[in-house]
Amino acid sequence: MKIHVDRKLCDNHGQCTITAPSVFRIDEAGILQYEEIVDDSLRADIEDSMDVCPVQAIFIVDDK
């Protein structure tokens, strides 16, 4: 599964790092980093991250 974070929307709140810490992290500069390709077994965590994102910047773009 492929995911995307819209950098124009993302304000680096980091809520996604709580719901999917194996996918999302905040680096030393305070910028969100993430894995673009993730295992389908993490779908529920990614969907939770999408729900908690205050600016709705996280998207699933590919289910393959």
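1. Let's start with Gln-56, which is partly exposed, with a relative accessible area of 44%. You will find Gln-56 in the loop between H2 and S4. Please keep in mind as you read that this is a predicted model. The backbone at Gln-56 deserves a look too: its phi is near 55°, a positive value in a residue other than glycine. Most residues other than glycine have a negative phi.

2. Where else does a positive phi turn up in a residue other than glycine? Asn-12 has one, with phi near 60°. Asn-12 sits in the loop between strand S1 (2-5) and helix H1 (15-19). Its relative accessible area is 26%, so Asn-12 counts as partly exposed.

3. Now for the charged pairs. How many salt bridges does a search of the whole structure find? The search finds two. One of them joins Arg-25 and Glu-35, whose closest N and O atoms are 3.6 Å apart. This pair links distant parts of the chain: Arg-25 belongs to strand S2 (residues 24-26), while Glu-35 is in the loop between S3 and H2, 10 residues apart. Arg-25 is partly exposed at 42% relative accessible area, and Glu-35 is partly exposed at 36%.

4. A salt bridge also forms between Glu-47 and Arg-43, with 3.4 Å between the closest N and O atoms. Here both partners lie in helix H2, four residues apart, which is about one turn of the helix. Glu-47 has a relative accessible area of 35%, and Arg-43 has 27%. Why do we call Glu-47 partly exposed? The label applies because 35% falls between the cut-offs, with buried meaning under 20% and exposed meaning over 50%. Arg-43 is partly exposed as well.

5. Next, look at strand S4 (residues 58-62), where Phe-59 has its place. Phe-59 is partly exposed, with 33% relative accessible area. Together with Leu-9 and Val-61, Phe-59 makes a nonpolar surface patch of about 240 Å².

6. At 23% relative accessibility, Ile-60 counts as partly exposed. How far is Ile-60 from Thr-19 in space? Their C-alpha atoms are 15 Å apart, and the two residues are 41 residues apart in sequence.

7. A second pair to trace is Asp-40 and Leu-9. These residues are 31 residues apart along the chain, and 25 Å separates their C-alpha atoms. Asp-40 lies in the loop between strand S3 (32-34) and helix H2 (43-52). With a relative accessible area of 43%, Asp-40 is partly exposed.

8. Finally, take a look inside. The structure holds one cavity of 30 Å³ or more. The volume of the largest cavity is about 90 Å³. Which of its 14 lining residues are the closest to its centre? They are Cys-10, His-13, Gly-14, Cys-16 and Cys-53. What classes of residue make up the lining? There are nine nonpolar, four polar and one charged residues.

Terms used:
Residues are numbered from 1 along each chain as its sequence is written. This is a predicted model: local features need pLDDT of at least 70, side-chain atom pairs count only at pLDDT 80 or more; totals for chains, interfaces and linings use all residues. Side-chain values use heavy atoms; hydrogens and water are left out. On a 1 Å grid over the protein atoms alone, a cavity is a set of points where a 1.4 Å probe fits but cannot get out, and a pocket is an open set with protein on both sides within 12 Å along at least five of seven lines; lining residues have an atom within 4 Å of a point. Grid points are joined across faces, edges and corners, and a volume is the space filled by probe spheres set on the points. Ala, Val, Leu, Ile, Met, Phe, Trp, Tyr, Cys and Pro count as nonpolar, Asp, Glu, Lys and Arg as charged, and the others, Gly among them, as polar. Patches are made of residues with over 30% relative accessible area and no salt bridge: like charges are joined within 9 Å, nonpolar side chains (Val, Leu, Ile, Met, Phe, Trp, Tyr) within 5 Å. Accessible areas come from the Shrake-Rupley method with a 1.4 Å probe; for residues, only the protein chains shown count as cover. A salt bridge is a side-chain nitrogen of Lys or Arg within 4 Å of a carboxyl oxygen of Asp or Glu. Helices (H or I, at least four residues) and strands (E, at least two) are DSSP runs, numbered from the N terminus. Buried means under 20% relative accessible area, exposed over 50%, partly exposed in between (1.4 Å probe, protein chains only).
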